[in-house]
Amino acid sequence: MHNLIHSNLGQTRSSQHGNHLLLTPDTFVRTALPGMKGCTAVVHVGPALGAAFVQYTAEFEQGGELGETSAQRFLYVMDGAVTLELSGKRSELSVRGFAYVPQGEVHQVTASKISRVAVIEKAYQALTSHKAPQAIVSTEDAVVARALNDDPDLQVKCLLPDEFDLDFAVNTMVYRPGAALSQVEIHVMEHGLIMLEGGGIYRLGDSWYPVTAGDFIWMGPWCPQWFGAIGKVPAKYLIYKNWNRHPLSATR
């Protein structure tokens, strides 16, 4: 009886298919990545699943450090605060703070308190006609929101500039209760998405999933996708997509 009380009997909302993945916190497995100190990672997606990028949540103890990477890196603080040391400068990132670190830039990320940070890493695809991107350190609060498809109930903030120097984009999207995408999207880009607040229903492929804050979603290229917000509070997520490169250059 004791085991039955403490077991979920194999039930979970998590689901993995060829063109999409839903990971819910009850199935998260934590591991230490090389170079981490006082920090563990929940690896959500990576090349082992066919993705052309890696996304994980770094969970820091106070004073914990992130390891190195051979790729470009994007950081978004979900809880707590971290210090980024880059090019001889120290920047403090608190909740909703973010940073883009170009590939090859030596840097250090240290938590000033218990923290959770969304981390995205991707090998950079250079264009001979464009210069290498520069580091960016900012906060979501400084980014102006715009209505998606002129719908005031669906607000988007583009955290990275839409320039060909950069080969991916990261946005936050906020849906007022009852708001939804105006169409089912099917496209060449892949996505990594982490729910930050609220919840709703996500269509992925031919499946429909209830999702809530803390859930992670990966969408492969041409995966049918749609979202509608449900509940009494707005739904918000952070979403990655590969961007600004010709499909023939895809590394996936």
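Let's start with what a pocket is: on a 1 Å grid over the protein atoms alone, it is an open set of points where a 1.4 Å probe fits, with protein on both sides within 12 Å along at least five of seven lines. Lining residues have an atom within 4 Å of a point. Grid points are joined across faces, edges and corners, and a volume is the space filled by probe spheres set on the points.

Before we look inside, a word on the model. This is a predicted model, where local features need pLDDT of at least 70 and side-chain atom pairs count only at pLDDT 80 or more, while totals for chains, interfaces and linings use all residues. Residues are numbered from 1 along each chain as its sequence is written, and side-chain values use heavy atoms, leaving out hydrogens and water.

Now, the pocket. The largest pocket holds about 430 Å³ of space. Its lining comes to 24 residues, and those nearest the centre are Leu148, Asn171, Met173, Glu185 and Lys241. Strands here are DSSP runs of E with at least two residues, numbered from the N terminus. At least two lining residues come from each of β13, β14 (151-158), β15 (168-175) and β21. By class, the lining has 13 nonpolar, seven polar and four charged residues. In that scheme Ala, Val, Leu, Ile, Met, Phe, Trp, Tyr, Cys and Pro are nonpolar, Asp, Glu, Lys and Arg are charged, and the others, Gly among them, are polar.

On to the charges. Side chains of opposite charge can pair when their charged atoms come close. We call it a salt bridge when a side-chain nitrogen of Lys or Arg is within 4 Å of a carboxyl oxygen of Asp or Glu. How many salt bridges does that rule give? The count is eleven, and I'll show you three of them.

First up, arginine 96 and aspartate 141 meet at 2.8 Å, N to O. This pair links distant parts of the chain, 45 residues apart: arginine 96 is in the loop between β8 and β9 (97-101), and aspartate 141 is in the loop between β12 (136-139) and β13 (146-148). For exposure, buried means under 20% relative accessible area, exposed over 50%, and partly exposed in between, with a 1.4 Å probe and protein chains only. Arginine 96 has 32%, so it is partly exposed, and aspartate 141 is partly exposed because its value is 48%.

Next, glutamate 140 and lysine 236 form a salt bridge at 3.0 Å, N to O. Here the two partners are 96 residues apart, with glutamate 140 in the loop between β12 and β13 and lysine 236 in strand β21 (residues 235-242). Both glutamate 140 and lysine 236 are buried.

Then there is arginine 203 with aspartate 206, at 3.3 Å, N to O. Is arginine 203 buried or exposed? Arginine 203 counts as buried because its relative accessibility is 19%, whereas aspartate 206, at 71%, is exposed.

Let's move to a strand pair. β17 (residues 199-204) runs antiparallel to β20, joined by five bridges; pairing takes at least two DSSP bridges between strands. Glycine 200 sits opposite alanine 229 in β20. Why is β20 (residues 225-229) largely enclosed by the rest of the structure? Because four of its five residues are buried.

Last stop, serine 91, in strand β8 (residues 89-93). Leaving aside residues up to four places away in sequence, serine 91 touches Val82, Thr83, Leu84 and Val137, where contact means heavy atoms within 4.5 Å. Thanks, everyone!
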